[in-house]
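Hi there,

Here is the structure I promised to pass on. Have a look at it first, and then read on for what I found.

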Amino acid sequence: MTNPWRTLGSRLVYANRWIRVREDRVIRPDGGEGIYGVVEIRPSVGIVALNDAGEIALVGQWRYPHGKLTWEIPRGGSQEGETDMLEVARRELREEAGVEARHWTPLGRTDVNNGVTTDTEHLFLATGLTLVAPRHDPEERIVVRWVPLRSALETALAGGFAECCTELAILKLAWLRRSSLL
């Protein structure tokens, strides 16, 4: 399919260190003129850190937009100019969970809320773990807990994680292991 949208112009509406919001003047697929809002987010990562006991690291943190504590796999965004998502994943796992890994396996990537954002999250499995001191960002207050992979899978299957990339990464890992593809 060819792109049915045509962009007539763009303007930056808002920007901070994490996001940019732009407003595009467009010709819609029906031929009418309109406006399309886009939240630009640099690529992000999500890591399933699996220890030798078969447990994964979950980080609990307060998510301001939703006003609640959520449990997720360690996740984070790339910085301006970063293109090596594995290096971003190494940094985020160390910062958020206080973990370093010897072995890394890509689990694919997914576009997050692709109707309004440019965020693509790259998912990884990290094994061969070593605990180190975490280095949280100033706006983060994070608690780490280790849960059996099976429990995390049951939670994901029940829709118990508030964050979609956490569920996807756990489900992918479980399927790949069950299918002997990993």
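Three helices and 10 strands make up the secondary structure of this protein, which is a predicted model. Read from the N terminus, the order of the elements is β-β-β-β-β-β-β-α-β-β-β-α-α. Along the principal axes, the C-alpha atoms fill a box of roughly 55 × 40 × 30 Å. Of the 182 residues in the protein, 38% are buried. As for contacts with a separation of 6 or more, 55% of them are between residues 24 or more positions apart.

Let me start with helix α1, residues 85–97. How far apart are its end C-alpha atoms? They are 17 Å apart, and this agrees with the 18 Å that 13 residues should span at 1.5 Å a residue. At the start of α1, Asp84 places a side-chain oxygen within 3.1 Å of the backbone nitrogen of Leu86. After the other end of the helix comes Gly98, which has a positive phi, near 70°.

The buried residues of α1 are Met85, Val88, Ala89, Arg91, Glu92, Leu93, Glu95, Glu96 and Ala97. What covers them includes several strands: β4 (44–49), β5 (55–63), β7 (75–77), β8 (99–111), β9 (120–131) and β10 (142–148). As a reminder for reading that list, an α-helix has 3.6 residues a turn, so residues three or four places apart point the same way.

Is Arg91 buried or exposed? Its relative accessibility is 15%, and because the cut-off for buried is under 20%, Arg91 counts as buried. Leaving aside residues up to four places away in sequence, Arg91 touches Gly77, Ser78, Gln79 and Glu82.

Now to the other two helices. Helix α2 (residues 149–157) packs against helix α3 (residues 164–178) at an angle of about 120°, and their axes are 9 Å apart. That angle makes α2 oblique to α3. The crossing of the two helices, α2 and α3, is left-handed. Which residues meet there, in α2 and in α3? From α2 they are Leu149, Ala152, Leu153, Thr155, Ala156 and Leu157. On the α3 side, they meet Glu167, Ile170, Leu171, Leu173, Ala174 and Arg177.

Over to you, and enjoy looking around.

Best wishes

Conventions: Residues numbered from 1 in each chain as written. Predicted model: local features only at pLDDT ≥ 70, side-chain atom pairs only at ≥ 80, totals over all residues. Heavy atoms only, no water. Helix = DSSP H or I, 4+ residues; strand = E, 2+ residues; numbered from the N terminus. Expected span 1.5 Å × (residues − 1). Buried < 20%, exposed > 50% of the residue type's maximum accessible area, 1.4 Å probe, protein only. Contact = heavy atoms within 4.5 Å. Polar contact = N/O pair within 3.5 Å; in protein donor to acceptor, adjacent residues only side chain to side chain. Axes fitted to C-alpha atoms, helices over the stretch in contact; angles between N-to-C directions. Parallel < 35°, antiparallel > 145°, perpendicular 65-115°, else oblique. Left-handed = near helix turned anticlockwise from the far one by under 90°.
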